[in-house]
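The exercises below are meant to be worked through with the coordinates open. Each task is followed by a solution that goes step by step.

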Amino acid sequence: MLQPYFQWMNDLAVSKAIGESIWIYPLVQAIHLLFLALFAGSLLIVDLRLMGWGMREQPVAKVARDAWPWMILGFVGLVVTGIPQLMQNAMREYFSEFFWIKMYVLPIALIYTFTIRRMVSMADESRVAPAMSKLTGFASILLWIGGVAVPSRLIGLFT
Amino acid sequence: MADLLKPLHDLFFAISEMENSIALRESQFVWPLFEVVHVVFMCLFAGLIVMMDLRLLGVGNMQTPFTQLQKRLFPWQMVGMTGAAMTGLVLVFGDPMRFYGNIFFWMKMLMMVIAAVNAMAFHYIAYFSVDSWDNARVPPFGAKLAGALGVALWGFVIIAGRLIPYNWFQN
């Protein structure tokens, strides 16, 4: 269904130019990883805390509030550096199962992060059951690392 | 640089001839598995290092005293580092000659050594007076410098690592 759009993206002059340059694509990949580190750090610092590990002396809400802007910045950076990679490889991505796993899990992870995870992590801790808090952190790691990051790495390894 | 690495050549070459090494680089799933796990551990290690460095720079995680951040994140950073180092070693073991002749691999190794020196220097210099700036909105120059160097050096490690497959300078 989406194939014509991917084909169109694949054939854009910009996409071709990215593919022809020997250094643009590798550099974009590298910067993508830098933003991944930022994103993963600001994600995990909160998820570990939710699970009762990491910065245990600190209320979850404080940790979550501090980490939030960095997570947004990390995510924006990932998107900005992800799009050129998609453009340059549009048809390969279209036929990659891992790409579609990533694309299906990504919106779920995003919605989850902006709703349930945000509410639980920013809430007054006395009103959140420890089991609920642990589950929230665990689901976040599962979605982002297991559902988004791992399939992303696999796109390039199995094509 | 080639001369500097010469003594390592025989070692790397001998490893590349080992049966397990050959099996690893020819495996369809084991090699990719290690690549994936390496990146996951990188997320844990580099991610939490950045969180600490942002605090040192005075721009992030400011509601938490530095000592607490350091104490609580350290074990997780060590888990990430150990995991990344072990999976990394396995990858080198599986294809030593690919890494031996690769400028980005050696740059990555060098940057990691410098990053370790930076961490040690911080520990013995700026961290010595941590009681006086643990809660400070603006950490002292030494702490900021260690944080900036940490971000830059580990950033270079990641960039160099990602560029290893693109060996533009191999002859």
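Buried area is the accessible area, taken with a 1.4 Å probe, that two parts lose on being put together, summed over both. The model is predicted, and the values that follow are computed from it.

**Exercise 1.** Determine how much area chain B and chain A bury between them, and which residues of chain B lose the most area to chain A.

*Solution.* Step one is the total: about 3200 Å² is buried between chain B and chain A, and 73% of this lies on carbon and sulfur atoms. Step two concerns chain B, where B:Gln63, B:Arg72 and B:Arg162 lose the most area to chain A, together accounting for 20% of what that side buries. Step three is the residue count, with 36 residues from chain B and 34 residues from chain A taking part in the contact.

**Exercise 2.** Describe the polar and charged pairing across the interface, and then the make-up of the side that chain B contributes.

*Solution.* Begin with the salt bridges, of which there are three between chain B and chain A; one of them joins the side chains of B:Arg72 and A:Glu57, at 2.9 Å from N to O. Next, eight residue pairs are in polar contact across this interface, both residues being at pLDDT 80 or more. On the side of chain B that touches chain A, α3 (30-57), α4 (66-94) and α7 (141-163) each supply at least two residues, and α3(B) gives the largest share, 14 residues. By class, that side of chain B holds 24 nonpolar, eight polar and four charged residues.

**Exercise 3.** Decide whether A:Gln58 is buried or exposed, and list what it touches.

*Solution.* First locate A:Gln58, which sits in the loop between α3 (24-50) and α4 (60-88) of chain A. Its relative accessibility is 7%, and because buried means under 20%, A:Gln58 counts as buried. Finally, setting aside residues up to four places away in sequence, A:Gln58 touches A:Arg49 and A:Val63, together with B:Gln63, B:Thr64, B:Pro65 and B:Gln68.

**Exercise 4.** Carry out the analysis for A:Gln29, and identify the side chain with which its own side chain makes a polar contact.

*Solution.* A:Gln29 belongs to helix α3 of chain A, and with a relative accessible area of 11% A:Gln29 is buried. Leaving out neighbours within four places in sequence, its contacts are A:Gln85, B:Arg162 and B:Tyr166.

Methods. Residues numbered from 1 in each chain as written. Chains lettered and ligands numbered in written order. Predicted model: local features only at pLDDT ≥ 70, side-chain atom pairs only at ≥ 80, totals over all residues. Heavy atoms only, no water. Helix = DSSP H or I, 4+ residues; strand = E, 2+ residues; numbered from the N terminus. Buried < 20%, exposed > 50% of the residue type's maximum accessible area, 1.4 Å probe, protein only. Contact = heavy atoms within 4.5 Å. Salt bridge = Lys/Arg side-chain N within 4 Å of Asp/Glu carboxyl O. Polar contact = N/O pair within 3.5 Å; in protein donor to acceptor, adjacent residues only side chain to side chain. Nonpolar A, V, L, I, M, F, W, Y, C, P; charged D, E, K, R; others polar.
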